[in-house]
Amino acid sequence: MIRLNNISVAYEGGQDNPSHQNALDNISLTIEKGECIVLCGKSGCGKTTITRLLNGLIPMFYPAGLQGEVMLMGKSTRDMTIREISQFVGSVFQNPKSQIFNVDTTGELAFGCENQGLSRDAIHHRLKQSVQDFSLEKLINRDIFRLSGGEKQRIACGSIYAMNPDIYVLDEPSSNLDLQSIGQLHNILKQLKSQGKTIIISEHRLHYLKELATRYIFLEDGKILNEYRPAELEAVSEADKRKMGLRTQDFDQIDSKRVAKQPLKEVAMDFQQLLVRRNKQTILKMANLQIRKNTVLAIVGENGVGKSCLIACVMGFLNYQGDILLNGSKKNKQARQAESFLVMQDVNSQLFARTVFDEVLLGVKSPDLKKAHAILDQLGLSALSQRHPASLSGGQKQRLAIASAIYGQKKYLFFDEPTSGLDRQSMEAFCQLILENREVVDVTVIITHDLELILGCADEVLLLNRDLSIDLYPLDEAGIKKTRTLFINLYEKQLQKEGLYV
Amino acid sequence: MKKKLSTKELILAGAFAAIFVVGLIAMAVITGFTPVTFLMVAFLTGIVLGPIYMLYINKVPKRGTILILAALCGLVMSSTSFYPLLFSLLCGLAAEVTSGLGNFESPKHNVLGYGFFSSMFVGPFLSILFAKEAFFKSMTQYYGEAYVANFASLAPEGIILGLIISGFIGGIIGGVLGNKALKHHFKRAGIV
Amino acid sequence: MPAITLQSNSVVKIDPRTKLVLFLLINIMMMGNKPVIVEVLLAGISCLLLLNGRLIKETLLYGGLFFLLLAIDSGYGLQVSTPIGQGLIIASRMIRLFLPMVMCFTVLMKNTTVSEFIAAFQKAHLPMGFIIPFAVMVRFVPTVKEEYQAIVQAMSYRGIPMGVKAVLFKPFMTLEYVMVPLLISSAGVMDELAAAAMTRGLDRDSIRSNLVDVKLRLPDYTLMAGVIIIFILMKKGWLG
């Protein structure tokens, strides 16, 4: 069905980061109809490049040097336009926000069919099918900008399903999703597989693909190193998986490195009778909560439950009733912002300077050059100090943000989904960084769905529930068990629903 | 490279137009607060939107790129009459020709082209000018000729030409800024 | 299962072309010399459109503002003799002049979906070279606003001054701090958007259909006729 023959791909890099090495180096791969192939490996191994070859984005959309032939159902992609390929290859991307072309869900579902030139009746029929098969009843006729990431991803899948392709290509589709949505994604893939569709997924997160994959293709530096049948991959030890850069397949297997319990320190963050309302509805309520100094706090909960709101309140971006005391005093917005730092999921919106070095110095009067150099050194960024911040990789940008925070002597560090798209190494490096800097800042707060991250570096967990109840508990033996169970349940619950969405 | 704008390039054109138009409306609103600043709308807008324009033409250095942007901006400014749209298309055409002389890739030609382009930012002013006409007519009903003449003196005929020139100069400055942004940021970040 | 209905949330479906035509006609008429009753009628039509689009907040805001300003003007227009008072009257008149336009523009932006625009333009046989950029522009504007807000937030805790002082004394630096992240971040999003659209078959050279049925129906003709009749009556001086 699909055949890659001796493919080599070379990207053209940016001015600051010219990469002359091949993204893919003479690989060959055959995929049969009905298979579910999982491409895995560290970041930059070439899995995304393969997905781009399959939908024609390379070489027609992303200019890259391509050698070799990509044969789809007997025809070479060189002889087809992206549109022609889209008739039988559907593509789902990482970022739900930027995939959507319309402002309303129904229009978005119909978009692909319209591009194919189908008649109105045919489109109606296809849409009905999509809505039924993916349980999208509650999502039609709505404003796209009001949907959650998971809901947007389901609409994207529905839109492609309506085009009825034989092959589905997904590039890290779970990256920006919470556990519930990942469960729903699993259900969708299960449906597709049962219909005999051919699926190719490039992924870091492997746990939701366990019963779906027929083959795992492991890549490194643009070469296919190994192929695994599902049982073979599960047999690989956790330690070896680490070396390969693969995330865990089994929540029970996650190793939690516990650091020695520290003596109780003074309270750094105190929430008293906190109440946040929007449109006459209460979205967040915290009667009495204290976070102690030098704690790493993980905030978990479903999407939309108020995690980002909480951070916005502390940083003074959102109005609230009640009191938030930082190190014992109520500070005004300016003071809080001066002492806080937020690393967002999309770091691009917070990079301002011309060089990495300038970025660290930014915002602080009377620059201390030596200190800045030292901090960059500590975080492994010295070699990059004259590069443009936006030319760095995702993990490097994060380290740059942390460097800026430390240099600026920030007391409160906030992270919003820092590891969603990261491979194992990067995630563990992040944990390392957090632990190393735990005593440097007063409080570290991380919003995350990533169980491995939580067990890797958090001291306490704050769970926010939809019914506005909250639960703060330490990650001791009991706490770890509790968190594991919570996550496993959240995920399994979705699988049992078999396509029914509540 | 094919001469016609590809599908991808059309989509990029729309996205850049969105950024451009949001900036344009923001500038019109901000400068519109006092009459003095509103007279500077073309000049200031030319400067502020320069980096957007220069990134755009560098990403899609082809015939038609500028004209599409000019058309979309013209539409946005043309709420009260067709003149802003026509004028925008004219400025866009001048910019196309100028940039075209440098094959759309020469920084100097692009800056000059943007100068012509940004002359169109008198559009919001034209709107108010037409509104003023409407006023004067209704004010004459209430207050009489002399009073109206007083107000009219605040906006002499030649002012339009002065504004257009100020737009041009703002464009030159904005274009130079844009080129600097390209050099220090966009090219090094790898987005061009 | 609810029927898959068409997009914009209106009580009565109005063709986007009608909205555009009304937008232009109402503007032109507001800018010209007109008796008060014409203003009221046009503002009334604009309010009707807003209500039709279930934009109740906007109807109350803009409509209320319009009639408030009108009431003030009719009652006190002649009495005020101080320069400040006159200045305010003039300002209020200017605002009143633009309100119907703002109302119609809101109807266009908030009450019309991208699919409706595309369908209307395709029916009007406009070239894809225009339709695609226009549609993308409409869809991308909210994204730009979101990006901008994120950047301003980041500036506040990065210690980058953003207030009036910064704009006045260090305009170029402030511009750089806002524009650069905005453009770099948007460049990424637009590439992804283009890839997602093209891998779903969007192509400037291919014929595409539309789910939305864009047809001029009775409500459209009624509205347009109504506005044109007002125009004619006004010109003939029958409305005072």
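The model is a predicted one, in which local features need pLDDT of at least 70, side-chain atom pairs count only at pLDDT 80 or more, and totals for chains, interfaces and linings use all residues. Residues are numbered from 1 along each chain as its sequence is written, while chains are lettered from A and ligands numbered from 1 in the order in which they are written.

I begin within chain A. Its domain assignment, which is automatic or from a database, gives domain 1 (33–58 + 82–249) and domain 2 (294–321 + 330–497). Their C-alpha centres are 28 Å apart. Domain 1 of chain A brings 23 residues to the contact and domain 2 of chain A brings 16 residues; residues are in contact if their C-beta atoms, placed from the backbone, lie within 7 Å.

On the domain 1 side, two or more residues each come from helix 7 (149–161) and helix 8 (179–194) of chain A. Helices here are DSSP runs of H or I with at least four residues, strands are E runs of at least two, and both are numbered from the N terminus. Helix 8 of chain A gives the largest share, 7 residues. This side has 3 nonpolar, 15 polar and 5 charged residues. Ala, Val, Leu, Ile, Met, Phe, Trp, Tyr, Cys and Pro count as nonpolar, Asp, Glu, Lys and Arg as charged, and the others, Gly among them, as polar.

I turn now to chain C. This contact takes 59 residues from chain A and 45 residues from chain C. Among the elements of chain A that each supply at least two residues are helix 6 (120–134), helix 12 (333–339) and strand 15 (340–343). The largest share of the chain A side, 8 residues, belongs to helix 5 of chain A. By class, that side has 27 nonpolar, 25 polar and 7 charged residues.

Definitions and conventions:
Contact = placed C-beta atoms within 7 Å.
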